[in-house]
Amino acid sequence: MPKERKSTWPSLTTVSTLLLLGSSFVQASFTPVEAANSSLLWGTYRPNLYFGTRPRIPNSLMTGLMWFDGTNVQGFQNIRHACDQGDGIEGYGYKKHDGREYASQEINDTPSNVHITTEFIKVPGSKGGDWGVRIRGTPIYDTDFTSNILFYIGLEGSGGIDIMSKISKKGLESPIRLEGDSSELGDFEIQIVDGPLNSSPVGRSDQDLSRTQWWGTQVPEGEIWKAKDYISGSILASARERVQTAESEQEILQQPYKFFSLKNTLDEAEGEVANFYAFQKTFDNTFQFDVLFRSLDSEDPITSESLGRKLQQKETQFNTRFEEKFHLMQKGFSQDQVDFAQFLLSNMLGGIGYFHGSSVIDRSHPPMQDEESFAGETIQPQLTAPQSLFSATPSRPFFPRGFFWDEGFHQLLIGEWDNDLSLDIIKSWISLIDENGWIGREQILGDEARSKVPLEFQTQFHHYANPPTLYLSIKRYIDRLERHKQDRMLGLDSSVKMGSLDDPDILANLHLEDETLSNEWLLSVYPKLRKNWEWFRATQRGHVEMFGREASSNEAYRWRGRTPNHALTSGLDDYPRGKPSIGELHVDLHSWMAFSTGLLKDISSKLGYASDVEEYTKVQQDILTTLEELHWSEEENMFCDQALEEGIPVHICHKGYVSLFPMTLGLLAPDSPKLGAILDIIESDKELWSPHGLRSLSASDRFYGTEENYWRGPIWLNINYLTLQSLHNNYMDKPGPYQERAKDIYTKLRNNLIDTVYKDYKKTGYVWEQYSSENGQGLRSHPFTGWTSLVLLIMAEKY
């Protein structure tokens, strides 16, 4: 049994001491930041696939898994690769995923009669270390079973990759070995190792299906993501040749696995060098094989034996850490509910991806000029220079890319589990804020991402905004910093964390443990956050004096990019608004501006920027004042948008999520009568209350359940979570006339949400984008393990 690898990294205490002394640690291989980057280099960062790996490098090595049913000819027409709601899979996703070193996923593919498990492990080291994945499968039904499993490896950018195993026209014997190199990864090798109990059907005379069938070719730069097209094309060409020598049509129909297999050839035209290899295994019973990536710098290379041992260790460590972090067993949840909660966290982490490529932006409209049209039409779309983004995703099959509106909610959960992983993602997003302060609301980077988006939705406009939800997660980080500091002062937390920088628990909290690192992070993000704030105040400014409104300041805001039936930029797409015009004002955006200004005030205070603190204090007070002056309707007793009717400003009042924002973002005092009015709306079953959660629009509204019915009634977890968070943090534990009501609403709403999402998960195997207020049924995209995963924080009462 190989010895456990000894870390060459210094302990955190050593590093912290040396940093504080201003010394250099020349003997160490890694600084803390370098160690953190190395620990995140490799991952399951292709979330749009059922399984795939890549490093956080723009053009590099990528891998992926495919499979299809080998018992009938139609199986080949249904090759699994990219996650697809149309595949009919009865539940899939990560049961456990720690975001750094361990991931275990189950895929219940009933149409293909196979239950697949993928188990991923990383081993720390230089150049990102080693990794391995164990792929196992079992038949679901007790019928004839033949399954074709494919694994591919492709290298883009500099370097090369070659098969080192003995080549045979009948296939490759296990273990298969490849060697490669790239400027970023250095020299590496990959092995594919069969499990000891695999069995395969008998093939044709020119093939041995107990071996691995294979194919190599050169794929053009930037096209490895089209692996399914290349592989299926090669298999189909091979099948066409083989059927010519079939004994009978019956043989083709009854034993298609003999014909639909790779060619066992290296296809290289003159001047070409293969950079893409596909490997196909055919099994007729339970199977297992490992794929092992080894950096040739490794002191103790990963093996199938060490992979198996580490999988057991990591599962135990994950379970222990999960309970220590969320205390669900302690709160009285059952093991089945804990498994559900682990699924929520794991699929949020399993949805993290690394994306690189150009996006499409239309900059033809001057950002400071008012709209002349509200049709939302593209005029001059242009490709940008390539950019990179490290981000979570809302839905692996349907929204496998970064959304600015969603990401702040994602990081609430990720940050609670792994503080520094969350900060890394937040910083990646902030890096995309341009020189003017703008950031695209949807990051569709590269051809692969665009392939999942209808053409009319691909273009971003540089005067369109989106709710700045990253401020939610940055505030949560600052809250964690304060709690951590207080715990240390009270002696509730050890003042010294022993460990080495290859320990994921240490790496997860570097920016909590080390004040120097936390200040450096805040210093690094603050300038762009301020620039984004200034961009909002300039481009999303509403008109006050132009339309004769009476307000104490000009702090008023509206979403640009309106169309007659949508405010896509608000995130609440079809929520009813007024008629689009330059005279609109939107209470949700006004609330976001008050919240974000308060956060920037806190950050600048921490950084010692006194003049900025003074500015933010005044602006925030002005925003809060005009919030009530412009958006409170005495007649309707609620917060409302404003729009123009015959050129005159009027309130547009629709009870629903928009009218809750002053409360959900904690902008109202505990004794404010306006808080009582909002609680009335929340509690009424004729308005927002349902047994399954808060409706997005009042059941009494004339638009309830109409047309698209996207944000016109269904229950969304992100706004329900914000409501619970605000009740918990701002109202139920603070003296005031509504304290007991807030506590009662909180308790009932929390129970309803947990019950709804958990029961539907048990019924369907999925969590969903939204839920019916009528029966609690999951609706639309699934699995939707973005902000619906906030149910875990609701269970743990982490706000």
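Analyst: Happy to. Let's begin with pairing: two strands count as paired if DSSP finds at least two bridges between them. Keep in mind that this is a predicted model.

User: How many residues lie between the strands in the hairpin of β6 and β7?

Analyst: There are six residues between those two strands, and K127 in that hairpin has a positive phi near 55°. The strands themselves run antiparallel and are joined by nine bridges.

User: In what order do the eight strands form the open sheet?

Analyst: Follow β4-β5-β6-β7-β15-β11-β10-β9, with antiparallel pairing. At the edges sit β4 (92–97) and β9 (160–163), each of which pairs on one side only. Ignoring direction, neighbouring strands of this sheet are turned by 15° against each other on average. On one side of β15, β7 pairs with it over seven bridges in the antiparallel sense, and R136 has Q288 of β15 as its bridge partner. Strand β11 (residues 186–194) also pairs with β15 (residues 287–295), antiparallel and over seven bridges; there F188 stands opposite S295.

User: Is strand β6 mostly buried or exposed?

Analyst: For this step you need a cut-off: buried means under 20% relative accessible area. Nine of the ten residues of β6 (residues 114–123) are buried, so the strand is largely enclosed by the rest of the structure. β15 is mostly covered too, with eight of its nine residues buried.

User: Now to charges. How many salt bridges does the structure hold?

Analyst: The general idea is that side chains of opposite charge can pair when their charged atoms come close. This structure holds 47 salt bridges. In one of them, the side chains of R80 and D109 meet at 2.9 Å, N to O. That pair links distant parts of the chain, 29 residues apart: R80 is in the loop between β3 (61–69) and β4, and D109 is in strand β5. R80 is buried at 4% relative accessible area, and D109 is buried at 0%.

User: Which parts does the pair of D370 and R558 tie together?

Analyst: The closest N and O atoms of this salt bridge are 2.5 Å apart. D370 lies in the loop between β17 (360–362) and β18 (381–383), and R558 in the loop between α13 (515–539) and α14 (587–607), so the pair ties together parts 188 residues apart in sequence. D370 is partly exposed, at 24%, while R558 is buried, at 1%.

User: What separates D479 and K475 in helix α10?

Analyst: An α-helix has 3.6 residues a turn, so residues three or four places apart point the same way. D479 and K475 are four residues apart in α10, which means about one helical turn separates them. Their side chains meet in a salt bridge of 3.2 Å, N to O. D479 is partly exposed at 26%, as is K475 at 30%.

User: Which residues make the nonpolar surface patch?

Analyst: M489, L490 and L492 make that patch of about 410 Å². M489 belongs to helix α10 (residues 470–489) and counts as exposed, at 67% relative accessibility.

Methods
Residues are numbered from 1 along each chain as its sequence is written. This is a predicted model: local features need pLDDT of at least 70, side-chain atom pairs count only at pLDDT 80 or more; totals for chains, interfaces and linings use all residues. Side-chain values use heavy atoms; hydrogens and water are left out. Patches are made of residues with over 30% relative accessible area and no salt bridge: like charges are joined within 9 Å, nonpolar side chains (Val, Leu, Ile, Met, Phe, Trp, Tyr) within 5 Å. Accessible areas come from the Shrake-Rupley method with a 1.4 Å probe; for residues, only the protein chains shown count as cover. A salt bridge is a side-chain nitrogen of Lys or Arg within 4 Å of a carboxyl oxygen of Asp or Glu. Buried means under 20% relative accessible area, exposed over 50%, partly exposed in between (1.4 Å probe, protein chains only). Axes are lines fitted to C-alpha atoms, for helices over the stretch in contact, and angles run from 0 to 180 degrees between N-to-C directions.
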